[in-house]
Amino acid sequence: NNCQHPFDDVYGHWAEGYIESLYCRGIVSGRTSYLFQPDSNITRAEFLKIALLNAGYNPSGYNGENFSDVYEGDWYYSYLSLAEDHDFVNGYADGSFKPNNPINRAEALVILIRIADQTLYGFSSSDIPFSDVKISDWFAYATVIGSRDGILTGYSDGTFKPGNNVSRAEVATMAMRAYNAYYK
């Protein structure tokens, strides 16, 4: 198709192809008409919207059970209602979701893997492809699946850096790889 992204700050970026593919499928938009801000953090709500739309979910009309800091009228209300309804996300112990906080690499990967309905049992430490992920980590299974299915790669030093905030470009990359692995 002839769709092209309009983002001045994406031309020549390492994730340009992924960002353009998602943009042309209507999954992502820019922060402005001409700026995508690929290297900026992404919020928990923004990420969830991309992950759900990427998997083919339509949240329109969803409402109901939700988090203590998510209100009807918030742009992300229906996305969070749908995600909560399907057990794709967990809030925090206090009942909040913190939708406008940045999301980190571990949280983003686990949500993508949950939405794709991928589970894994009985793996060992040697299956974990990253030196900074322990088998006791709540997200360890997701790194094994994500690595196996080509959703993510680590850093050149062999680490995953689970607590690092994920950038908009990294999210576009993970989302397109998940699309190719699970939904295409």
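Is α4 mostly covered or mostly open, and how many of its 11 residues are buried? Mostly covered: 10 of the 11 are buried, where buried means under 20% relative accessible area, exposed means over 50%, and partly exposed is in between (1.4 Å probe, protein chains only). The helix label comes from DSSP: helices are H or I runs of at least four residues, strands are E runs of at least two, and both are numbered from the N terminus.

Some ground rules before going further. This is a predicted model, with local features needing pLDDT of at least 70 and side-chain atom pairs counting only at pLDDT 80 or more, while totals for chains, interfaces and linings use all residues. Residues are numbered from 1 along each chain as its sequence is written, and side-chain values use heavy atoms, leaving out hydrogens and water.

Back to α4. Its buried residues include R105, E107, L109, I111 and I115, and the buried set packs against α2, α5 and α6, with contact taken as heavy atoms within 4.5 Å. At the start of the helix, a side-chain oxygen of N104 comes to within 3.1 Å of the backbone nitrogen of A106. Just past the other end, D117 has a positive phi of about 60 degrees.

Now for the largest nonpolar core, which has 58 residues. Such a core is a set of buried Ala, Val, Leu, Ile, Met, Phe, Trp, Tyr and Cys residues joined through side-chain atoms within 4.5 Å. The members that touch the most others are F47, L48, L52, L80, V89, L109 and F160. Elements giving two or more residues to this core are α1 (16–24), α2 (44–54), α3 (77–85), α4 (105–115), α5 (140–148) and α6 (168–183). Take L48 as an example: leaving aside residues up to four places away in sequence, L48 touches Y79, L80, A83, V89, F97 and I111.

What about charges? Side chains of opposite charge can pair when their charged atoms come close. The structure holds seven salt bridges, each a side-chain nitrogen of Lys or Arg within 4 Å of a carboxyl oxygen of Asp or Glu. One of them joins R105 and E170, with the closest N and O atoms 3.3 Å apart. That pair links distant parts of the chain, since R105 is in helix α4 and E170 in helix α6, 65 residues apart. Both R105 and E170 are buried. Another bridge joins D149 to R148 at 2.8 Å between the closest N and O atoms; here D149 is partly exposed at 23%, and R148 is partly exposed at 49%.

Finally, the rings. There are 10 aromatic pairs, meaning rings of Phe, Tyr and Trp (its six-membered ring) with centres within 6.5 Å; planes under 30 degrees apart are stacked, over 60 edge-to-face, and the rest tilted. F7 and F36 have centres 5.3 Å apart and planes at 45 degrees, so they are tilted.

Definitions and conventions:
A polar contact is a pair of N or O atoms within 3.5 Å; within protein, one must be able to donate a hydrogen and the other to accept it, and residues adjacent in sequence count only if both atoms are side-chain atoms.
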